[in-house]
Every structure is written in structure tokens, then in C-alpha cells.
Amino acid sequence: MKKIFLVFLSVILLTSCNSSTLSISEIEIVPDKVQKVIDDKYTLQKINVVDKNISYIVFRSKGKVTTDLEA
């Protein structure tokens, strides 16, 4: 019984750790909720959407911007 419990706990821990994937993408249309809270005086902002598990990174630049994501 103890071994089954340990295996079950291990499976739960491993699946919960790998359930989220990191990604970054450029969007063409900014949602209204996000657009309302963008502050023009900042070059870089992180905006969290409360009702969803989404964060927006807003970077204002005159040139082309490249991104990279590291976990």
C-alpha cells in the first residue's frame, strides 16, 4: 500500500510540474482590458490578466524587436 501511494504521489507531482508550457508571441490586436492599463510613460511593462492565466509584456520601441524565452 505504501509503495502504491508513493508511485501515485510521484505521478501527480511530475504531471503537475510539466503541465504549463512557456510561450511568447506577438499579437496584432491588443485586448481592450490590456489597452486601458498601458501607461505611455513606460518603455517596458508587464500586465497580468486577473481572470485568466495570461501575462502581457508591452515593449515600446521605434526599431525591430527580437525575443527569446528561457525556462
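**A strand pair and what surrounds it**

Strands β1 and β2 (residues 54-59) pair in the antiparallel sense over six bridges; two strands count as paired if DSSP finds at least two bridges between them. The model is a predicted one, in which local features need pLDDT of at least 70 and side-chain atom pairs count only at pLDDT 80 or more, while totals for chains, interfaces and linings use all residues. Residues are numbered from 1 along each chain as its sequence is written, and side-chain values use heavy atoms, with hydrogens and water left out.

Let us start with the overall layout. The protein has two helices and two strands, in the order α-α-β-β along the sequence. Helices (H or I, at least four residues) and strands (E, at least two) are DSSP runs, numbered from the N terminus. Of the 71 residues, 8% are buried; here buried means under 20% relative accessible area, exposed means over 50%, and partly exposed lies in between (1.4 Å probe, protein chains only).

Now to the strands themselves. Four residues form the hairpin that joins β1 to β2, and Gln45 has Val58 of β2 as its bridge partner. Strand β1 (residues 44-49) shows a covered face with Gln45, Ile47 and Val49, and an uncovered face with Leu44, Lys46 and Asn48. Ile47 and Val49 also belong to the largest nonpolar core, together with Val34, Tyr56 and Val58. Such a core is a set of buried Ala, Val, Leu, Ile, Met, Phe, Trp, Tyr and Cys residues joined through side-chain atoms within 4.5 Å. β1 and β2 are the elements that give two or more residues to this core. Leaving aside residues up to four places away in sequence, Val49 touches Val34, Ile54 and Tyr56, where contact means heavy atoms within 4.5 Å.

On the uncovered face, Leu44 is exposed, with a relative accessible area of 55%.

The structure holds one salt bridge, meaning a side-chain nitrogen of Lys or Arg within 4 Å of a carboxyl oxygen of Asp or Glu. Arg60 and Asp40 form this bridge, and their closest N and O atoms are 3.5 Å apart. Arg60 lies in the segment after β2 and Asp40 in the loop between α2 (32-37) and β1, so the pair ties together parts 20 residues apart in sequence.
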